[in-house]
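Biologist: Before the discussion begins, please bring up the sequence and the model so that both of us can refer to them.

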Amino acid sequence: MRRALVTGGLGFIGSHLVDRLLRDGWEVVVLDNLLTGRRSNLEHQKGNPRLQIREGDIRHLQTVVSASVGCDAVFHLAAHALMRVSLGDHRADLDHNVIGTLNVLESMSANKISDLVFASTSALYGEAEVVPTPEDYSGVQTSLYGAAKLAAEAYASAFVQLTPMKFWAFRFGTVLGERCRRGAIWDFEHKLLKNPSELEILGDGKQSKDYLSVSDCIDGIMVGYEKSSEPVNIFNLGLQEQTTVDDVADIVIEEMGLSNVRKRYTGGVRGWIGDNPVVYLSIKRIQALGWKPKVSPAETIRSTARWTLEEIGGDRRAA
Ligand SMILES: NC(=O)c1ccc[n+]([C@@H]2O[C@H](COP(=O)([O-])OP(=O)(O)OC[C@H]3O[C@@H](n4cnc5c(N)ncnc54)[C@H](O)[C@@H]3O)[C@@H](O)[C@H]2O)c1
């Protein structure tokens with residue numbers, strides 16, 4: 001039986017990946033410090049003898065070394081992904097996302113683990129001048145988060161030269177689905193429950209993004225991991241259809257049963273520093289392996305909006 005360490009396995013995407021690995025017959029060790037993760041994300045797996053959950057921090061080398069003993073692969077999803085927090089805390093991304101990744105790499109080397117699968121991000125393309133943006137595009141960094149993920153990828157690629165290790169990185173834009181507790185939908189629903197007649201939208205609402213369903217994201221990760229075997233394998237995962245933040249707001253408003261909501265824009269093409277207004281990734285490389293997204297962005301946004309409403313109090317449905 002193959003054994004995997006999933007860092008960040010109590011988070012949104014990580015918990016879905018754990019579900020998938022368990023379904024595929026893996027034994028799974030989760031390492032998570034509960035920064036943004038929740039035990040409830042894997043409550044439904046309670047009692048599963050193939051799952052072990054460890055509370056611990058990837059910033060501590062020994063913690064990662066001990067959690068990864070006997071593993072065949074590490075799926076590294078633990079990250080500080082709070083872009084707005086990093087505006088005031090310049091070390092958070094370095095500590096969690098770079099030093100944390102170095103600790104994962106050193107632990108793999110110590111425990112002779114060959115496969116590293118990494119959740120990267122489209123943020124590392126900055127405000128890309130080429131769209132759809134291919135994997136070999138190199139842009140100017142616009143966030144500490146993107147810069148740290150790029151550095152983490154670079155460290156992992158260099159480790160492949162030093163040790164008998166293989167590396168898979170998956171760069172995605174915005175992933176949505178059950179257990180997603182931040183981002184535009186989460187924000188809009190909280191605001192609309194407080195004030196159903198007005199919605200503040202960060203930026204000009206025209207930011208156009210890539211809203212990938214978590215199921216397609218996990219499928220893409222597993223297809224890329226299972227079907228490519230170069231020493232370094234880097235893939236974009238995304239959609240061929242763009243959706244604006246305004247479109248997201250409209251779906252949320254409809255799902256909440258509201259009408260006559262006045263949209264108020266904070267203005268500017270970006271919602272916040274580091275918000276890349278256009279995210280449109282080339283997915284030719286992963287498509288060549290047979291992956292394509294199955295869920296449309298409208299469906300993904302709608303189902304996430306429904307789940308979020310339940311999560312934050314369906315009984316407070318403002319209709
Ligand atoms: N959600 C998205 O739209 C998106 C887009 C691009 C990339 N990503 C990447 O995918 C991965 C998962 O993202 P997510 O949306 O599930 O985020 P998340 O915040 O739900 O999950 C991250 C998990 O990592 C844990 N964690 C953070 N720092 C840690 C540390 N030092 N030690 C141990 N655990 C730690 C958190 O508690 C959390 O459970 C991240 O690496 C993120 O950068 C996410």
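**The ligand shell and the fold**

Biologist: Which element gives the largest share of the shell around the ligand?

Modeller: The model is predicted: local features need pLDDT of at least 70, side-chain atom pairs count only at pLDDT 80 or more, and totals for chains, interfaces and linings use all residues. Residues are numbered from 1 along each chain as its sequence is written. Helices (H or I, at least four residues) and strands (E, at least two) are DSSP runs, numbered from the N terminus. With 3 residues, the largest share of the shell comes from H1.

Biologist: Which residues come nearest to the ligand?

Modeller: A residue is near a molecule if its C-beta atom, placed from the backbone, lies within 6 Å of it. There are 29 residues around the ligand, and those that come nearest are Gly8, Gly11, Gly37, Ala79 and Ala119.

Biologist: How many residues of the shell around the ligand are nonpolar, polar and charged?

Modeller: Ala, Val, Leu, Ile, Met, Phe, Trp, Tyr, Cys and Pro count as nonpolar, Asp, Glu, Lys and Arg as charged, and the others, Gly among them, as polar. By these classes the shell holds 14 nonpolar, 12 polar and 3 charged residues.

Biologist: How many residues of domain 1 are in contact with domain 2?

Modeller: The bounds, from an automatic or database domain assignment, are 3-175 + 210-237 for domain 1 and 178-209 + 242-277 + 296-316 for domain 2. Two residues are in contact if their C-beta atoms, placed from the backbone, lie within 7 Å. On the side of domain 2 there are 15 such residues, and on the side of domain 1 there are 17.

Biologist: Which elements give two or more residues to the side of domain 1 that touches domain 2?

Modeller: By class, this side has 6 nonpolar, 8 polar and 3 charged residues. The elements that supply two or more of its residues are H1, helix H3 (83-86) and strand S10 (211-213).

Biologist: Which elements do the buried residues of H6 pack against?

Modeller: A residue is buried if 20 or more other C-beta atoms lie within 10 Å of its own, exposed if 12 or fewer, and partly exposed in between, with C-beta atoms placed from the backbone. In helix H6 (residues 184-194), the buried residues are Ala184, Ile185, Phe188, Glu189 and Leu192, whereas His190 and Lys194, on the other side, are exposed. The buried residues pack against S7, strand S8 (198-201), helix H8 (245-255) and helix H10 (297-311).
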